[in-house]
Amino acid sequence: MKTILALIIAVLTLSSTQAAELWVGSATADITPDRPVPLTGNTTVRVAREIHSRLFASVLALESRDGGRATDHAILVSCDLCVIRPGIQEGFRKHLAGKLPGFDLNKLFLAATHTHAAPVLLQERYDEKDYGDGMQPKEYVPWLYERMADAVVKAWENRAKGAVAWGLGHAVAGHNRRVVYSDGKAKMHGNTNDPMFRGVEGYENHGVHVLCFYDSQKRLQAAAIAMSTTAQAAGGGNKVSANFWHDARRLIRERHGADVCVLGFCAPAGDQTPRAQVNKKAEERMLKLRGLNYDQEIGRRVAAAFDDIAGVIAKDIRTDVPFVHRVRQIELPARIITEAEYAVARKVCEEIDTRTTRAKNDAWRRHFFGLVVERYLAQQKGGWKMYPMELHVMRLGDVAIATNPFELFVDYGVQIEARSPAVQTFQIQLATSGPKPAYYVPTPRAVAGGSLTENAFDNYSATAASSLVGPEGAQTLVNQTVETIKELWRVPTK
Amino acid sequence: MPASELWIGSASTSITPDRPVALAGQMSTHIAKKVESPCTATAVALETRQGNKSVDHVIFVACDLAVIRGELEDSPTELAKFLEAKMQNEFRQRVKPRLKGFDLNKLFLTATHTHSGPVTMDGVYVIPPGVMQPKEYLEFLYERLGEIVVKAWETRRPGGVSWGLGHAVVAQNRRAVYADGSAQMYGKTDRPDFRGLEGYEDHGVETLFFWDADKKLIATAINVACPAQEAGTGRGVNADFWHEVRVALRRQHGDGLDVLGWIGASGDQSPRLMYRKAAEERMRKLRGLTRLEEIAWRIVQTVNDVCEVTKKEIQTDVPLVHKVRTIELPIRKVTEEEVAKAKAECAALLEQEKKGKDTLARRLWHEKLIQRHEWQQSNPVYRMELHVIRLGDVAIATNPFELFTDYGVQIKARSKALQTFVIQLAAGPGTYLPTERAVRGAGYSAVAQSNLVGPEGGQVLVERTIEAINELWP
């Protein structure tokens, strides 16, 4: 029976990885509210009253057809948002029900660029009192759904025969942000001008992965760009901002066409952001000489890499490519909370709960430490063992596309890329949302950088409070992702 | 720090012999009978003057060689050959009569680390008759270097300098780490137990541009944290990517442009691809470039960009201060266990040699470790020549090692200078200098055989260098 099943799967895989006609649709939605709005990404909420740069959701619809028959499809939505919070993707799929005939809604996913100057999506994320006269999250989300749905429907309905090309370039757009000291402790964005500074914790990935989509006249219609850096360059302060993606998009459209739909994706970059850790003065001087701010500078580097890659890969545009899209619900071993971590978190929560005065970051801290308490108590009842997540893996020609919902440390992305049989592996973090927050997924060396303390920023991004999935779960994620990619290349896994 | 009028001179020459020559940097003998690209040396002389009075000076000499390590005829042991800065000292003595008014301690040689340049030390390889011997090559080298150093010094004229920072993804961290904690240089990354690359990467391209009085670019110094190790057929002399860099820059800025190729701290970095090789290779083929041209293209692109951006700030009056110090670093102590393992390795390699295998270089590598065990009792420190220079807002600091990137990053991060150039493989014959995490992972470049100085000495090097730099920014 097992042999027959394996044969069926092999035949299905074989047929689906054969080249087929590619249909492409794209659209863009402005998701910037034109009224004050509370911003997420910090420990306290800021109500934005001005717009530094507008936020967009960019939609790409793909379908493969063989002899007029649809063989597979996908809709990718890149959003200028901080995180696709729990429930948001599920809510959006429900909102889309009935609007996309013939499309399996499980094959649509949302991904965030991680701008820290975008609207709050969960009403309970901060203290409601601090939202003031801003657009409430419970108002913004339905409005967001409407805007994004219009673009998704438009992209799906306007799909037409097209073509694709892919390529790899480089831009130093992200830096490893974890600084290690002589006592073995690590700190995100720690001071490097310190006698105890010993090095930057890990590797940096400067790959720029590009997918270009063309219409039947070989005119550039859409571009997907994935890089290991979060949209956290200069930012907009208290203003709404799409961060460097605004500048990258502007430059790409100036050079390649005003209607080009640009999807900005963040590849695994849990420990990378654009912020420089060394050479800060020299970087500042170069910015001044160029007359740019840091958002513009990173946008310039990204657009320059894109221009170069787009020019080179224009020699290898394909109209008939294999396209397969797998969606899997997988479970990763959850990070277990120790007694000591529970004690720290409980103490912080009790202190906040019993205090009569209110600090602006209480809601954030209560949530941050409260989840540790909640996980520990669940684990005591045998309930916190596995973390469920949705995994998308696609084959598009020689390219593999793989998602994860986390801020996944770079090493894991490198493992996936190194072990993937695809010519090029395009990864997207902060993609999809499940029932639980995703947060960071740190490496063992990052975890070794310090235990959970009452200061949330001690070894922030690697403590139990920063991560629901630790190194063990991460390794499962890597292995499952690689195995799924290999299935699409019909490569037997070891 | 008072600014002074800057005088600049520069010159370049080929240091490629016109005879077959053995190549350095290989684990067995490789004889080059052809020239794939010429190895060259470039000299830039700087002097500051106030009125007619000379304030300070320096001569930089960048060589397409593996290391600055010369023949030492009276070396008592293989280890001593390794330790002394014979090549630089000998060259200074030879050129002394021809450099009037110049303090020879302020001249230093640097290597680009090409692994396809001539051997400069005897006894490492079995070099057959008819092939240029290291002693002969050194004579030729000293002659050629002397010509350019004198020319650079004598032709110095009032000029200007500008500097800037760009980026080029040229090198990758070359140490792969596995689930059991072990590390391996150029280890496979498609293994299921691969866990990541060991450390950080520095993709900064620090550049100095030297201009004549008419604002014509006459020389440039390019500091890239990447040894010139992409070429290596083992059959021909090859200057590696610096040749392609020079060709491209001269095409744009004129044939007379002199290019100093300086390697930044990159003991754990090299241009060799560690992963996503298929994607990189596909792009390179689509561009129609060789791998060396591809690397050069990345460097040249950023150098030209930075040149354009910074040329609005060409400075003709700048502070120039050049400090030369001998500093002492604690050596990495060899353990009894390491000696026992090395002895076993030597015995096994000797057996192979008896059967006609060329394992001399590998055996000497272990023998040096055995000698060190005795030597370290009376030699607890490694003495090295440290050059620290202030040129305007820029600091330049040297070390003789293949210094792991983390140390270079520490120096850059803690330097008071606006921009800091770190030049490794300079002014002496250093070995790898690994980090603590590398020593834990072991493997070539981080085992005791690969280092005379370990993490303890590395930290002392960082501290002494930062002290010296920051003294120049009171």
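**Helix packing, chain contact and domains in a predicted model**

Visitor: At what angle do helix 9 and helix 11 of chain A pack, and how far apart are their axes?
Guide: Helix 9 of chain A and helix 11 (residues 471-488) of chain A pack at about 25 degrees, with axes 10 Å apart. Axes are lines fitted to C-alpha atoms, for helices over the stretch in contact, and angles run from 0 to 180 degrees between N-to-C directions. Helices (H or I, at least four residues) and strands (E, at least two) are DSSP runs numbered from the N terminus. This is a predicted model, where local features need pLDDT of at least 70 and side-chain atom pairs count only at pLDDT 80 or more, while totals for chains, interfaces and linings use all residues. Residues are numbered from 1 along each chain as its sequence is written, and chains are lettered from A and ligands numbered from 1 in the order in which they are written.

Visitor: Which residues make that contact?
Guide: From helix 9 of chain A, A:Tyr412, A:Gln415, A:Ile416 and A:Arg419; from helix 11 of chain A, A:Ala474, A:Leu477, A:Val478, A:Thr481 and A:Val482. Two residues are in contact if their C-beta atoms, placed from the backbone, lie within 7 Å.

Visitor: Now the chains. How many residues does each give to the contact?
Guide: Chain A gives 39 residues and chain B gives 38 residues.

Visitor: Which element of chain A gives the most?
Guide: Helix 5 of chain A, with seven residues. The elements giving two or more residues to that side include helix 6 (294-313) and helix 9 (410-419) of chain A.

Visitor: Switching to chain B, what are its domains?
Guide: The domain assignment, which is automatic or from a database, gives domain 1 (4-325 + 382-471) and domain 2 (334-375). Their C-alpha centres lie 30 Å apart. The contact takes 12 residues from domain 1 of chain B and 16 residues from domain 2 of chain B.

Visitor: And B:Phe60, buried or exposed?
Guide: B:Phe60 counts as buried because it has 28 C-beta neighbours inside 10 Å. The cut-offs are 20 or more other C-beta atoms within 10 Å for buried, 12 or fewer for exposed, and partly exposed in between, with C-beta atoms placed from the backbone. B:Phe60 is in strand 6 (residues 53-63) of chain B.

Visitor: What is B:Phe60 in contact with, leaving aside neighbours within four places in sequence?
Guide: B:Ala43, B:Val44, B:Phe108, B:Ala221 and B:Leu260. B:Ala221 is 161 residues away along the chain, and the C-alpha atoms of B:Phe60 and B:Ala221 are separated by 9.5 Å.
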